[in-house]
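Here is a short tour to follow with the structure open beside you. Let's take it one region at a time.

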Protein chains: 2
Amino acid sequence: MPSANLALVLRQLRDGGPRSRARLATELGLTRSAASALVGELEDLGLVRAAGVERGGLGRPGTAVELDGGSVCGIGAEVNVNHVATIALDLAGNVVAEHRLALDANRLAVAEVLDRLAELVRRTEADVRAAGREVVGCVVGVAGLLDRTHELLTVGPNLRWTDVPVGAELRGRLGAAYPVRIENESNLAAIAEATPGDPGRQDILVIFGEVGMGGGIVAGGRLLRGHQGYAGEFGHMIVDPGGRRCGCGRVGCWETVAGLRALLDAAADPDDPLRDPDLALDDRLAEINRRADLGDARTLAALDQLGNWIGMGAAMLTNALNPAAIVLSGYYAAIGRHLRPSIEDHLLAGVLAPHAGGTRVEFSTLGFTAAVRGGATVALDAVFDDPTAAPARTDALTGGTR
Amino acid sequence: MPSANLALVLRQLRDGGPRSRARLATELGLTRSAASALVGELEDLGLVRAAGVERGGLGRPGTAVELDGGSVCGIGAEVNVNHVATIALDLAGNVVAEHRLALDANRLAVAEVLDRLAELVRRTEADVRAAGREVVGCVVGVAGLLDRTHELLTVGPNLRWTDVPVGAELRGRLGAAYPVRIENESNLAAIAEATPGDPGRQDILVIFGEVGMGGGIVAGGRLLRGHQGYAGEFGHMIVDPGGRRCGCGRVGCWETVAGLRALLDAAADPDDPLRDPDLALDDRLAEINRRADLGDARTLAALDQLGNWIGMGAAMLTNALNPAAIVLSGYYAAIGRHLRPSIEDHLLAGVLAPHAGGTRVEFSTLGFTAAVRGGATVALDAVFDDPTAAPARTDALTGGTR
DNA sequence: CCTACTTTGTGCGGTGTCCCAACAAACAGG
DNA sequence: CCTGTTTGTTGGGACACCGCACAAAGTAGG
């Protein structure tokens with residue numbers, strides 16, 4: 001384990017932003033000499049760079065150092081019913097490459113979908129190399145239940161896939177030099193929301209809504225995966241036992257009352273243009289917002305009821321988990337301003353802890369890139385855990401004393 | 001941070017039981033010489049001792065080492081409505097001292113309850129010293145909402161306490177040389193169930209039932225506390241919106257249908273001897289078991305309904321958290337054999353993941369010592385995190401080469 | 001019984017990381 | 001200009017761990 005403190009310094013720069021060597025030393029309980037040596041090593045690895053001066057009142061000003069994303073990238077990928085997508089992020093969180101391909105996974109063979117995804121990953125990898133950077137790993141988000149011990153997509157209700165070894169299949173197609181892992185799509189979206197270093201984003205509950213509902217729990221900055229990796233399946237918590245039948249076969253799942261379909265059913269008749277199958281999701285949501293802004297009673301009632309159901313479930317989960325924030329992602333984010341009041345009401349009413357345990361209701365700003373961003377973030381964790389794994393700078397003086 | 005590997009070796013011995021130096025080395029990725037040196041250091045600290053030979057087929061047999069609880073103890077304490085209690089555990093988990101005092105916290109002033117608890121802790125401490133051991137810390141479980149950042153009991157509905165700084169009050173009374181911390185009682189009970197080293201007890205959900213309901217979540221072997229420390233308040237998840245009013249003021253909280261009162265209401269008329277206020281809890285539960293064993297229809301129906309409600313809530317939490325096991329503690333444990341079928345039915349029916357995500361239903365065997373045991377365990381964590389904090393053996397050759 | 005082989009535990013020298021102390025560099029204030 | 005303060009670097013030393021060699025303690029097979 002070569003120098004755990006090296007990783008410590010790197011993470012501190014990620015979490016706290018640019019700062020001087022002296023500040024790093026005091027914050028991490030190291031001596032200035034040790035901090036200096038570690039920063040020097042990280043510079044040689046091409047992971048940090050100088051970032052101007054840090055003026056601190058009295059005494060000599062410090063020379064700040066900051067993350068330098070220049071040498072490595074993590075790739076996040078996603079396979080969903082309607083599209084496959086990839087993104088490449090460098091250490092500093094900058095987007096280096098991004099690709100997206102619309103498709104209908106239900107009309108294609110499994111192998112074909114994986115072919116397309118592999119092609120996208122290859123293009124992303126080429127972009128990364130063209131930018132003079134190195135890929136350190138790829139994490140693929142899949143919409144479905146993943147048995148993490150066996151790297152198997154046990155069941156993907158929306159994809160209609162069963163027992164697909166996505167990781168092995170993709171590794172075979174890519175023949176990549178870097179590790180390829182799989183993870184639940186909603187869990188990755190949750191990781192993307194957990195900004196490192198922000199104390200208000202270390203214990204969060206992410207609820208991701210589309211036709212189905214998923215989510216993820218981040219506790220203490222780390223994803224909660226559960227025993228077999230099935231954690232975060234909020235959509236199938238039974239909240240309305242006498243209610244409607246869910247696609248999963250059960251009755252009254254949360255997604256039957258808070259999924260996209262429930263909103264559309266409540267807000268529009270079957271012949272309403274809102275129900276036109278050719279209408280894109282973004283356009284539907286824009287139309288719902290428009291009607292609500294105009295004060296349309298039926299739309300407002302539908303949104304209010306949706307907020308009530310979300311708030312009810314969120315209150316239960318908040319009693320159990322006491323998150324700092326509940327982040328609503330997916331289609332909820334677009335109509336957030338009309339949902340917030342009823343959600344917050346239910347949260348205040350349904351949570352035992354005073355002021356709902358301090359839990360805030362927030363809406364994601366990541367749009368539909370959340371999952372791939374989370375994937376890239378997880379891939380980059382390898383570097384934050386062991387910076388020496390990053391390829392050394394070729395242009396640096398090797399072994400030089402300065 | 002003096003030798004992180006020292007702690008690593010100690011924890012490996014706790015989690016995996018007695019084993020040879022060579023096994024420790026290979027399991028932890030150390031060399032045999034390093035493992036030997038570390039074990040020697042732990043022996044000097046009085047934390048481990050020889051434990052016979054370990055025969056491994058071919059070659060020279062190893063000399064196993066094991067935890068030696070001989071030098072240090074952690075104290076767990078508890079303040080509840082009906083009693084205060086303490087326990088002292090050594091490193092190996094042996095009970096060194098145990099005290100319990102029945103009282104009615106509602107009829108006593110806050111200061112008086114704390115006086116009694118402090119007295120109990122002092123007696124426990126004296127017992128520990130009399131056994132030739134040293135106290136390394138004390139963790140107090142309190143039934144109520146604890147704001148962890150401020151070490152404050154925000155509100156204890158059953159104790160009827162508000163904004164009591166339990167930690168500071170107790171420190172003042174004890175003037176102890178060791179750290180005194182507070183923690184939610186149910187959370188401590190959860191920690192006590194999470195056996196270190198047992199993979200089936202690293203991700204668990206503990207549901208603790210008495211008149212109220214509480215619980216705790218252990219994820220990856222670590223207690224999930226949430227943003228402010230309010231996690232695990234399962235009892236006030238609203239599962240029956242049209243149901244009965246709860247003591248907390250809300251309607252339909254889980255504990256209104258799965259708390260002890262709900263069971264008694266369903267199983268016995270007001271004039272039933274089961275409702276005699278002088279009857280101890282243990283006796284009530286024994287009587288319920290007796291009637292159920294005899295096939296009493298009303299009792300069986302009440303137990304079945306209770307199991308249904310528990311199973312329903314457990315299924316929701318299992319969808320969210322995917323625990324390896326749901327451990328039912330408190331009064332549920334005593335009547336477990338009559339609850340299991342209906343709980344398991346609901347779990348299988350209500351959880352999305354196949355086979356309910358592999359989640360088992362288990363019943364606690366710790367009785368009402370769970371919370372204090374958890375407290376002592378947390379206190380001992382200080383030693384497992386930094387073994388050098390333990391007092392060195394006075395009878396050991398200091399600095400000797402052997 | 002004796003030999004070959006395997007595995008364990010313990011020395012010894014070397015390396016790398018970090019702490020401590022000292023010092024030059026850079027800035028503010030009088 | 002001089003003093004006080006803070007930063008970054010340098011060199012010496014402590015300590016933990018690795019790699020290697022070697023004695024100790026067993027099994028397997030003749």
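## The protein surface near DNA

In this predicted model, the surface near DNA strand D is made of eight nonpolar, twelve polar and six charged residues. Of the 26 residues around DNA strand D, those that come nearest are S33(A), G59(A), R60(A), N5(B) and R60(B). Two or more residues each are given to this surface by α2 (21-28), α3 (32-44) and β3 (62-67) of chain A, together with α3 (32-44) of chain B.

Now turn to DNA strand C, which also has 26 residues around it, with N5(A), R60(A), G59(B), R60(B) and G62(B) coming nearest. Here α3 of chain A and, from chain B, α2 (21-28), α3 and β3 (62-67) each supply at least two residues. By class, the surface near DNA strand C divides into eight nonpolar, twelve polar and six charged residues.

## How the two chains meet

The contact between the chains involves 34 residues of chain B and 34 residues of chain A. On the side of chain B that touches chain A, β9 (152-156) and α10 (297-321) of chain B each supply at least two residues. Helix α10(B) gives the most, with seven residues. By class, this side of chain B has 21 nonpolar, eleven polar and two charged residues.

## A three-stranded sheet in chain A

Chain A has an open sheet of three strands in the order β1-β3-β2, with antiparallel pairing. Strands β1 (19-20) and β2 (48-54) of chain A stand at the edges with a single partner strand each, so one side of each is left without a neighbour in the sheet. The antiparallel pairing of β1(A) and β3(A) runs over two bridges, and R19(A) stands opposite V65(A) in β3(A).

In chain B you can find an open sheet of five strands, ordered β14-β13-β12-β15-β16, with mixed pairing. Its edges are β14 (222-223) and β16 (360-363) of chain B, each with a single partner strand, so one side of each has no neighbour in the sheet. Strand β15 (residues 325-330) of chain B pairs with β16(B) in the parallel sense over four bridges, and E362(B) in β16(B) is the bridge partner of V327(B).

Helix α12 (residues 336-350) of chain B packs on this sheet, touching β15 and β16 of chain B, and its direction makes about 160° with that of β16(B). Helix α6(B) lies across β12 (204-209), β13 (213-219), β14 and β15 of chain B, running at about 45° to β13(B).

## Two helices packed together

Helix α6 (residues 185-193) of chain B also packs with helix α13 (residues 370-385) of chain B, at an angle of about 75° and with their axes 7 Å apart. That makes α6(B) roughly perpendicular to α13(B). Among the residues that meet are L188(B) and I191(B) in α6(B), and R373(B) and V378(B) in α13(B). By class, this contact has eight nonpolar, three polar and three charged residues.

Methods. Residues are numbered from 1 along each chain as its sequence is written. Chains are lettered from A and ligands numbered from 1 in the order in which they are written. This is a predicted model: local features need pLDDT of at least 70, side-chain atom pairs count only at pLDDT 80 or more; totals for chains, interfaces and linings use all residues. Two residues are in contact if their C-beta atoms, placed from the backbone, lie within 7 Å. Ala, Val, Leu, Ile, Met, Phe, Trp, Tyr, Cys and Pro count as nonpolar, Asp, Glu, Lys and Arg as charged, and the others, Gly among them, as polar. A residue is near a molecule or strand if its C-beta atom, placed from the backbone, lies within 6 Å of it. Axes are lines fitted to C-alpha atoms, for helices over the stretch in contact, and angles run from 0 to 180 degrees between N-to-C directions. Angles under 35 degrees count as roughly parallel, over 145 as roughly antiparallel, 65 to 115 as roughly perpendicular and the rest as oblique. Two strands pair if DSSP finds at least two bridges between them.
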